[in-house]
Amino acid sequence: MDNVGRIMKINHKTVVYMLVSILTLTFSSCQLLSEDKSIVLNQGKIFKEDAEGVYSAFRDRDTEELEDMFCEKAAKDQDLRMEIESIFDFIDGNIISYEKFFCSGESTSVEDGKTIRLNGEPNLMNVKTDSGALYRIQFSDILIYDADPTWVGIAEIAVTRIENDSYTDSFKIGVPFDY
């Protein structure tokens, strides 16, 4: 009985150790995947929130708020603060409203079941100023980019004037997203 008891005790310890190891790996793997999975599942909401942030920064002419939304790549490659002030000056009047939001050009790359790139082009349509001018604000928003995380954030913003239901001139800041 002593040998049987000792074997059962060893097997019990082994089973407990294996169970704890499996649970630890399971929960840590889920935690690692949960952030990207959450971004993928909520991408529409995230693009809308980012668009609201861009709208707020333009409406309030808040250079710092808009600068903080840009990716590291755009911030280090450009004199971003000066560009933001210039794009604010491009707009005739103070922004008072926008008609609608939509996101175009969503693009996703998946490798071995994991999302490695997720980006889109949120648009704020018929952005109206107190002078009666209309604009479209479109930006390149990168939510996931495993190849170079310095791209995560806004890479580029384009403001386009709308006259007689046609796009006329536009002003871009930032850097084009090159993946």
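1. The model is predicted, and the remarks here should be read accordingly. It holds seven salt bridges, among them the pairs Arg 61 with Asp 89, Glu 67 with Arg 81, and Asp 169 with Arg 161. As background, side chains of opposite charge can pair when their charged atoms come close.

2. Arg 61 and Asp 89 are joined through their side chains in a salt bridge, at 2.9 Å from N to O. Arg 61 belongs to the loop between helix H2 (43-60) and helix H3 (63-69), while Asp 89 belongs to helix H5 (residues 80-90), so this pair ties together parts that are 28 residues apart in sequence. Arg 61 is partly exposed, its relative accessible area being 36%, whereas Asp 89 is exposed at 57%.

3. A salt bridge also links Glu 67 to Arg 81, with 2.9 Å between the closest N and O atoms. Because Glu 67 lies in helix H3 and Arg 81 in helix H5, the contact ties together parts that are 14 residues apart in sequence. Glu 67 is partly exposed, with 23% relative accessibility; Arg 81 is partly exposed as well, at 35%.

4. In the pair formed by Asp 169 and Arg 161, the N to O distance of the salt bridge is 2.9 Å.

Definitions and conventions:
Residues numbered from 1 in each chain as written. Predicted model: local features only at pLDDT ≥ 70, side-chain atom pairs only at ≥ 80, totals over all residues. Heavy atoms only, no water. Salt bridge = Lys/Arg side-chain N within 4 Å of Asp/Glu carboxyl O. Helix = DSSP H or I, 4+ residues; strand = E, 2+ residues; numbered from the N terminus. Buried < 20%, exposed > 50% of the residue type's maximum accessible area, 1.4 Å probe, protein only.
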